[in-house]
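Thanks for taking a look at this one with me. Here are a few notes to read beside the structure.

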Amino acid sequence: MVYAVQRYAASRPWAKRIGQLYAQAAQPSAARKEMKEVIKRELERAAQVFEVRQQTIVAELALAESWGYFARHGRVISHLDDALAQALAHTRLPSHLPDTLILPADAFFLHVPAGGGAFVVHQPERKVLLLTLVGADFSLEAAQWLQGSDGVEALAVSYPGELAPQIAAVAERWQPLLASVLNGLAMMTQPKLELELAWQAGAPQQWVEQAAAPSCVKTRQRGRSQLLKAGFSEVSYCRITELGAAEAYATQGYWRRQAFGEAKANSRLVWVAPK
């Protein structure tokens, strides 16, 4: 499975139930209490067989809440293509995130090739992003995730506040992925970014065609249902056509802030690509 979010769904016995709880609840807070009870019961059963460490419990609660929001908001996956991910890995973080974010959903999963990814939960009323980072090796061994304890890093980032002090305490091992995620979120505000919504590679063409049927709602629903039941996801691919697959960059990319509007009272970020 390409995406960590798919491996989460396949490996956690509570994933389906928690997805239902968050999707059906009037407010996420109503699902949170029951989510904790579901995981507590499952982990208590597991503890009868082998030791369940406290860090595993903390990680699983963070993942479950992120998964719940992901399910509630349409199970959206955004995929940075290889060339863009490589360019962003060679781009310095902006000092601040954009004043206004343009995101595919209030909760989604951002995939960074070879790096892992992040569950992103946007709380626009608070101007806060809740990030749960997962590594590239997340749940690769489906049967071992509980004993091995998948590593995660959860943090909150407010915007347009200064980034550096907010991410300073994040462990060094997570900094490259975090930088790619934050740069990816900033990139979503750029006009040159191209988005292509498509079913992931390997999805049966017949079902894909049914899911895109222009004139029949029932056919589209049937196609989507078949694809989802088979474990395929609809993915928003993010790319910039002009980027080549550079082996190495001689200079770093960076962000500059551009003032606009009446009396230049507003500002936006402009990406300068690495070379």
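Predicted model: local features only at pLDDT ≥ 70, side-chain atom pairs only at ≥ 80, totals over all residues.

1. Residues are numbered from 1 along each chain as its sequence is written, and side-chain values use heavy atoms, with hydrogens and water left out.

2. Let's start with helix 10, residues 217–229. Helices (H or I, at least four residues) and strands (E, at least two) are DSSP runs, numbered from the N terminus. Helix 10 has 13 residues and spans 18 Å from first to last C-alpha, close to the expected 18 Å (1.5 Å times one less than its number of residues).

3. Thr 219, Gly 223 and Leu 227 of helix 10 are buried (under 20% relative accessible area, with exposed over 50% and partly exposed in between, using a 1.4 Å probe and protein chains only). Viewed down the axis of helix 10, its buried residues fall within an arc of 65 degrees, so they line one face (the arc is taken from the directions from the helix axis to the C-beta atoms).

4. These buried residues of helix 10 pack against strand 6 (194–199) and helix 9 (205–211). On the face turned away from them, helix 10 carries the exposed Lys 218, Gln 221 and Lys 229.

5. Now for Gln 190, in the loop between helix 8 (175–187) and strand 6. Gln 190 is buried, at 8% relative accessible area. Leaving aside neighbours within four places in sequence, Gln 190 is in contact (heavy atoms within 4.5 Å) with Trp 255, Leu 269, Val 270 and Trp 271.
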